[in-house]
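Thanks for making time, everyone. I'd like to walk you through one model today, starting with the overall picture and then going to a few spots worth a look.

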Amino acid sequence: MASITILSAVIFSIAVLSSADFVTVKCHSSIGYAGQPSKLHCVLKTEESPEIEQVFWRYEDNVVLIVKDDAETEQGRFKLADAAWRTSKDISLLVGHTKISDQGRYGYTVVTNMGITTGETRLDVKATYSQPVTTYKLDKDEKKVDLTCTAKGGYPKGAIHWFDGHDTNWTRGAQTTVTEEADKSFTLHSTYTSADASYAPYRCVVFNSEWKEEGKESVELDITRISKLSSSVETKHIAAGVVVIGSLICGLLVALLICKRRSQRLEHQDYFDPPDPEEGKELKMEADKDVEPKSL
């Protein structure tokens with residue numbers, strides 16, 4: 001290992017002094033996924049046809065691969081992706097069983113018969129969170145519930161959101177902690193306390209760093225208890241509605257009854273109203289005038 005480090009240092013020193021501008025390598029950043037192979041794409045680009053003699057790859061301060069005289073000195077999980085690299089001029093680095101700790105910048109040095117060139121490229125690593133695991137605990141009155149949700153193994157940092165049975169987001173009322181593990185992955189743990197049990201079922205949804213959903217789990221509470229709570233709420237609402245509607249109907253009936261009685265009284269008075277005395281006297285006098293006395 002010491003000899004490899006010394007050799008790489010010598011090559012890098014030579015590269016700085018004798019790099020040829022007409023020998024270039026085109027690379028682009030790569031994204032790998034934890035547990036899967038990752039490829040750092042790099043290809044030699046030139047109008048000439050140089051012969052590649054040696055290839056060196058390093059990660060941070062460590063040399064991870066040396067290719068010389070058709071022989072690869074592999075360092076664990078690292079090797080050239082293309083076995084025909086001499087003819088294809090493809091010096092891409094293949095990282096086997098990628099780890100989160102493999103994320104970072106990688107440097108290369110290519111020695112050809114036309115000169116030496118060096119450069120860097122980058123590997124970003126992502127890891128998918130595990131399926132969330134949920135638990136719950138009802139209080140003594142069975143009206144409130146404490147909810148927990150845990151997702152592990154993700155990278156970069158993600159988030160947990162809570163939704164009720166009506167798709168209302170209650171995340172503001174929850175507390176979420178993010179813990180970095182030894183392998184640099186993250187564990188998300190969220191607690192939502194004193195949630196209204198009548199709004200069940202609740203859903204724990206895990207989002208990655210790009211706010212894409214990676215997993216979800218529903219919290220199904222005790223159906224009997226929740227049905228009792230829901231029935232109680234519905235019964236109260238129905239009873240209140242019946243009382244209001246009944247009061248309105250009674251009020252209308254009383255108003256109609258009063259109006260009807262008043263109407264009957266007025267009709268009765270018009271029919272049995274006694275005649276005016278003065279008017280009777282005038283009628284009698286007129287009748288006496290019309291009767292003349294008979295002569296004897």
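So, the overall count: the protein has four helices and 17 strands. Helices here are DSSP runs of H or I with at least four residues, strands are runs of E with at least two, and both are numbered from the N terminus. Before I go on, this is a predicted model, so local features need pLDDT of at least 70, side-chain atom pairs count only at pLDDT 80 or more, and totals for chains, interfaces and linings use all residues. Residues are numbered from 1 along each chain as its sequence is written, and side-chain values use heavy atoms, with hydrogens and water left out.

Some totals next. There are 296 residues, and 31% of them count as buried; buried means under 20% relative accessible area, exposed is over 50%, and partly exposed is in between, with a 1.4 Å probe and protein chains only. The protein exposes about 19400 Å², with 54% of that supplied by carbon and sulfur atoms. Those areas come from the Shrake-Rupley method with a 1.4 Å probe, and for residues only the protein chains shown count as cover. As for contacts, meaning heavy atoms within 4.5 Å: among those between residues at least 6 apart in sequence, 60% join residues at least 24 apart.

Now the sheets. For angles, axes are lines fitted to C-alpha atoms, for helices over the stretch in contact, and angles run from 0 to 180 degrees between N-to-C directions. Three bridges link β7 with β8 (residues 93-95), and Phe78 sits opposite Val95 in β8.

Another open sheet of four strands runs β11-β12-β15-β14, again with antiparallel pairing. At the edges you'll find β11 (133-138) and β14 (175-180), each pairing on one side only. The twist here averages 15° from one strand to the next. Six bridges join β11 to β12 (residues 144-154), and Leu138 stands opposite Val145 in β12.

As background, most residues other than glycine have a negative phi, and most peptide bonds are trans. Where are the cis bonds I want to show you? One runs from Tyr155 to Pro156, with omega near -5°, and Pro156 is in the loop between β12 and β13 (159-163). Another goes from Ala200 to Pro201, omega near 5°, in the case of Pro201 in the loop between β15 (186-196) and β16 (202-207).

Then there's positive phi. Asp167, in the loop between β13 and β14, has a phi near 65°. Is that residue buried or exposed? Asp167 counts as exposed because its relative accessibility is 53%. Lys184, in the loop between β14 and β15, has a phi of about 75°; at 41% relative accessibility, Lys184 counts as partly exposed.

Last stop: helix α3 (residues 223-272), which holds Leu256. Leu256 has 58% relative accessibility, so it counts as exposed.

Notes: Two strands pair if DSSP finds at least two bridges between them.
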